[in-house]
Amino acid sequence: MRLIVCGSGDAHGIPRPDCADPDCACARARRGAGTVRRQSCAVVEAADTRIAIDTGSGFQPCAALLLTHYHPDHAGRREAFAGVPAWGPDPGCEVAGLERFPAPDAVQFVAPFATLRIGALQCTALPLNHPIPAMGWAISDGRQRLAWLTDSYGIPAPTIAWLRAHPCSLIALDTTFPPGEPSAPRKGHGTLDVSLAALAAVGARRALLIHIGHRLQRWLEAGGALPEGVAVARDGESYDA
Ligand SMILES: [Zn+2]
Ligand SMILES: [Zn+2]
Ligand SMILES: [Zn+2]
């Protein structure tokens, strides 16, 4: 089973269009001298089954589509849904103070911790910490399991418990911000310190940081170090699970 990261960036991507800071990673990416990151999406493949996760700007069409939630950087590419079976969380009722993000018509709702079978793969929906209902996906080919967890501030306790009972050989987790970003809990996106603590709580042996924002990219390019077993995902890169 392989994970192909098609978009490792946050909602704005890198370079971020509204970032004019000449010292930012955006400026280096714009010059062709730094890392470019598209909006969040991935492909998981095993045997002859290929599943797309989310429809960010790096989206690659597959025969089936799993959605994490309905923010535009994850589900905004409506042409992606034409004729393709799609599954995602029930967006539920309106969340106080936030605009509602409805699901595209074709999406079939999956309950938290429910598992569905798509070809050779078993896909389990895992609740996340985000301002609107969001679920990551654990995907197993019967031998290995990987998890794609975005958007989320850390990992909620019931999902940590599930992951401890169902070990993954690879976990990709939202880490939008460098350590200590005060707005992260409200925005429902991981900071590096919170992500590393969540991965430790799960007992993750190998992890990929995804949904990378420009400030974390700048922090990394300034020499910020990661612990062993933790890497930053790159667009277009394949990872064996
Ligand atoms: Zn997002
Ligand atoms: Zn920037
Ligand atoms: Zn989101």
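Predicted model: local features only at pLDDT ≥ 70, side-chain atom pairs only at ≥ 80, totals over all residues.
Residues are numbered from 1 along each chain as its sequence is written, and chains are lettered from A and ligands numbered from 1 in the order in which they are written.

Helices (H or I, at least four residues) and strands (E, at least two) are DSSP runs, numbered from the N terminus, and two strands pair if DSSP finds at least two bridges between them. Seven strands form an open sheet with mixed pairing, in the order 6-5-4-3-2-1-14. Strand 6 (107–109) and strand 14 stand at the edges with a single partner strand each, so one side of each has no neighbour in the sheet. From one strand to the next, the twist averages 25 degrees.

Strand 1 (residues 2–7) pairs with strand 14 (residues 238–240) in the antiparallel sense over three bridges, and here Leu 3 stands opposite Tyr 239. Strand 1 also pairs with strand 2 (residues 41–46), again antiparallel, over five bridges; Val 5 stands opposite Ala 42 in that strand. By contrast, strand 4 (residues 64–66) and strand 5 (residues 86–88) run parallel and are joined by two bridges, with Ala 86 as the bridge partner of Leu 65.

Next come the helices. The axes (lines fitted to C-alpha atoms, for helices over the stretch in contact, with angles from 0 to 180 degrees between N-to-C directions) of helix 3 (residues 157–165) and helix 5 (residues 192–202) come within 8 Å and cross at roughly 45 degrees. Helix 3 is therefore oblique to helix 5 (under 35 degrees is roughly parallel, over 145 roughly antiparallel, 65 to 115 roughly perpendicular and the rest oblique). Ile 160, Leu 163 and Arg 164 in helix 3 meet Ala 198, Ala 201 and Val 202 in helix 5, where contact requires C-beta atoms, placed from the backbone, within 7 Å.

Finally, a nonpolar core is a set of buried Ala, Val, Leu, Ile, Met, Phe, Trp, Tyr and Cys residues joined through C-beta atoms within 7 Å; buried means 20 or more other C-beta atoms within 10 Å of a residue's own. The largest core has 59 residues, and Trp 137 and Ala 172 are among those touching the most other members. Helix 5 gives the largest share of this core, six residues.

Technical notes:
Contact = placed C-beta atoms within 7 Å. Buried ≥ 20, exposed ≤ 12 C-beta atoms within 10 Å, placed from the backbone.
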